Amino acid sequence: MSTYRDLPDRGSARATVLRTVGTRERRSHLTAPRVPTVGIDIGGTKVMAGVVNADGVILEKVRTETPDKSKSPKVVEDTICELVLDLSDRHDVHAVGIGAAGWVDADRSKVLFAPHLAWRNEPLRDALSARLAVPVLVDNDANTAAWAEWRFGAGRGEDHLVMITLGTGIGGAILEGGQVKRGKYGVAGEFGHMQVVPGGHRCPCGNRGCWEQYSSGNALVREARELAVADSPVAQGLIDRVGGNVADITGPLITELAREGDAMCVELFQDIGQWLGVGIANLAAALDPSCFVIGGGVSAADDLLIGPARDAFRRHLTGRGYRPEARITKAQLGPEAGMVGAADLARLVARRFRRTNRRRVERHERYERYAQVLRNSTTTRPAREP
């Protein structure tokens with residue numbers, strides 16, 4: 001079902017963007033047409049699509065459930081096409097950007113692997129371009145979310161930004177000088193699979209001790225359920241809330257109880273936050289950004305999570321006390337960041353598409369003018385004497 005959102009007028013948004021966008025991006029991005037594009041965010045449970053204007057304002061959005069990963073790639077393509085065509089009935093769509101939860105190649109044409117979908121080396125860009133008859137851009141969902149936060153959200157004005165997305169696992173993205181750093185093969189930013197505890201918890205990736213096993217939605221729920229199964233006295237409030245059904249313990253419920261002051265749930269967030277701070281300190285040692293933006297569903301816990309993360313970051317930062325500290329802040333655009341960023345990035349290909357079409361139209365118009373001149377000269381030429 002479609003929904004309409006009225007967002008506050010951004011007024012001088014273009015002037016703000018002009019000040020914050022890097023020189024290279026000014027040449028390539030802000031020269032793009034200020035036309036609406038569609039952004040699509042494909043996650044493990046939902047596919048969300050929205051029409052977004054050049055100021056990052058969502059004009060309309062629609063959503064549906066993500067097809068089961070046992071379904072064929074064409075089923076997912078059908079779902080995307082249905083959403084885009086639905087929006088196209090009411091909006092003039094010039095390009096489509098897709099943020100996919102998976103590995104996207106450096107050319108942003110193929111999804112190399114998606115854990116929640118049946119995509120394996122899937123040529124998604126070309127398949128959808130052929131079906132939708134508009135340009136399509138494909139990128140990792142953390143990259144598109146980071147782009148949105150840098151353009152319109154918590155990362156505005158930052159030259160070196162790292163985004164960390166905390167959901168069921170951990171994703172991430174790197175922006176430097178107004179450019180997303182995707183790496184040689186397109187899969188940079190998979191911070192969740194840095195090893196922080198040798199021989200630690202097994203991760204679905206096949207390794208042990210990955211960062212996301214200690215600081216993510218899955219880690220939060222796992223710890224809470226273990227305490228509930230053990231019938232720990234500290235978990236009694238949580239056990240009572242779910243009526244003894246451990247399977248009903250979820251991240252949002254833990255967040256709700258923590259906000260109500262449940263001591264165990266607050267402690268769980270402190271543990272998750274401390275591990276988050278450790279990982280951020282490691283990333284600061286490697287990348288030295290000016291800002292870390294924390295997004296994803298788990299970030300909704302606000303200072304229950306980010307406060308302990310800042311404390312742990314300061315304790316574990318290499319050279320602490322003798323170097324500038326990066327700012328750690330919560331993302332501003334919420335669950336729609338990936339969709340907004342995908343739409344905004346798609347304006348780059350919309351520019352090229354429109355320019356190509358414009359040149360084709362101009363050539364046709366020049367031909368028509370030349371043909372008209374020839375016709376006029378033929379009709380006005382005086383007849384020869386016999």
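Tutor: Start with pairing: two strands pair if DSSP finds at least two bridges between them. Helices (H or I, at least four residues) and strands (E, at least two) are DSSP runs, numbered from the N terminus. The model is predicted: local features need pLDDT of at least 70, side-chain atom pairs need 80 or more, and totals for chains, interfaces and linings use all residues. Residues are numbered from 1 along each chain as its sequence is written, and side-chain values use heavy atoms, without hydrogens and water.

Student: How many helices and strands does the protein chain have?

Tutor: The secondary structure comes to eleven helices and 13 strands. The chain has 386 residues, and 49% of them count as buried.

Student: What makes β2 and β3 a pair?

Tutor: Seven bridges link β2 and β3, again in the antiparallel sense. Met48 has Arg63 as its bridge partner in β3. The hairpin of β2 and β3 has five residues between the strands, and Gly56 there takes a positive phi near 80 degrees.

Student: How do you know that β4 and β8 pair?

Tutor: Five bridges join strand β4 (residues 96–100) to β8, and the two run parallel. One example is Val96, whose bridge partner in β8 is Val136.

Student: What is the order of the strands in the open sheet?

Tutor: The five strands run β3-β2-β1-β4-β8, with mixed pairing. On average, neighbouring strands of this sheet are turned by 15 degrees against each other, direction ignored.

Student: Why do β3 and β8 count as edges?

Tutor: Each has a single partner strand, so β3 (58–65) and β8 (136–140) both have one side left without a neighbour in the sheet.

Student: Why is β2 called largely enclosed?

Tutor: Buried means under 20% relative accessible area, exposed over 50%, and partly exposed in between (1.4 Å probe, protein chains only). Seven of the seven residues of β2 (residues 46–52) are buried, so the rest of the structure largely encloses the strand. Both faces are covered. Lys46, Met48, Gly50 and Val52 are buried on one side, and Val47, Ala49 and Val51 on the other.

Student: Why are α3 and α4 called oblique to each other?

Tutor: Axes are lines fitted to C-alpha atoms, for helices over the stretch in contact, and angles run from 0 to 180 degrees between N-to-C directions. Under 35 degrees is roughly parallel, over 145 roughly antiparallel, 65 to 115 roughly perpendicular, and the rest oblique. Helix α3 (residues 73–88) and helix α4 (residues 124–132) pack at about 45 degrees, with their axes 11 Å apart. Therefore the two are oblique to each other.

Student: Which residues of α3 and α4 make the contact?

Tutor: Contact means heavy atoms within 4.5 Å. From α3 come Lys74, Glu77, Asp78, Ile80, Cys81, Val84 and Leu85, and from α4 come Leu124, Ala127, Leu128, Arg131 and Leu132. As for the sheet, α4 lies across β4 and β8, running at about 150 degrees to β8.

Student: What makes α8 roughly perpendicular to α9?

Tutor: Helix α8 (residues 251–259) and α9 pack at an angle of about 115 degrees, with their axes 7 Å apart. The perpendicular class covers 65 to 115, so α8 is roughly perpendicular to α9. Ile254, Thr255, Leu257 and Ala258 of α8 meet Cys265, Val266, Leu268 and Phe269 of α9.

Student: Which residues of α8 are buried?

Tutor: Gly251, Leu253, Ile254, Thr255, Leu257 and Ala258 are buried. Their cover includes α6 (217–229), α7 (236–241), α9 and α10 (303–316). After α8 comes Gly261, whose phi is positive, near 100 degrees.

Student: Why is Leu287 called partly exposed?

Tutor: Its relative accessible area is 35%, which lies between the cut-offs for buried and exposed, so Leu287 is partly exposed. Leu287 belongs to helix α9 (residues 263–287). Neighbours within four places in sequence aside, Leu287 is in contact with Val162, Ile174 and Phe191. Leu287 and Val162 are 125 residues apart along the chain, yet their C-alpha atoms are separated by 8.6 Å.
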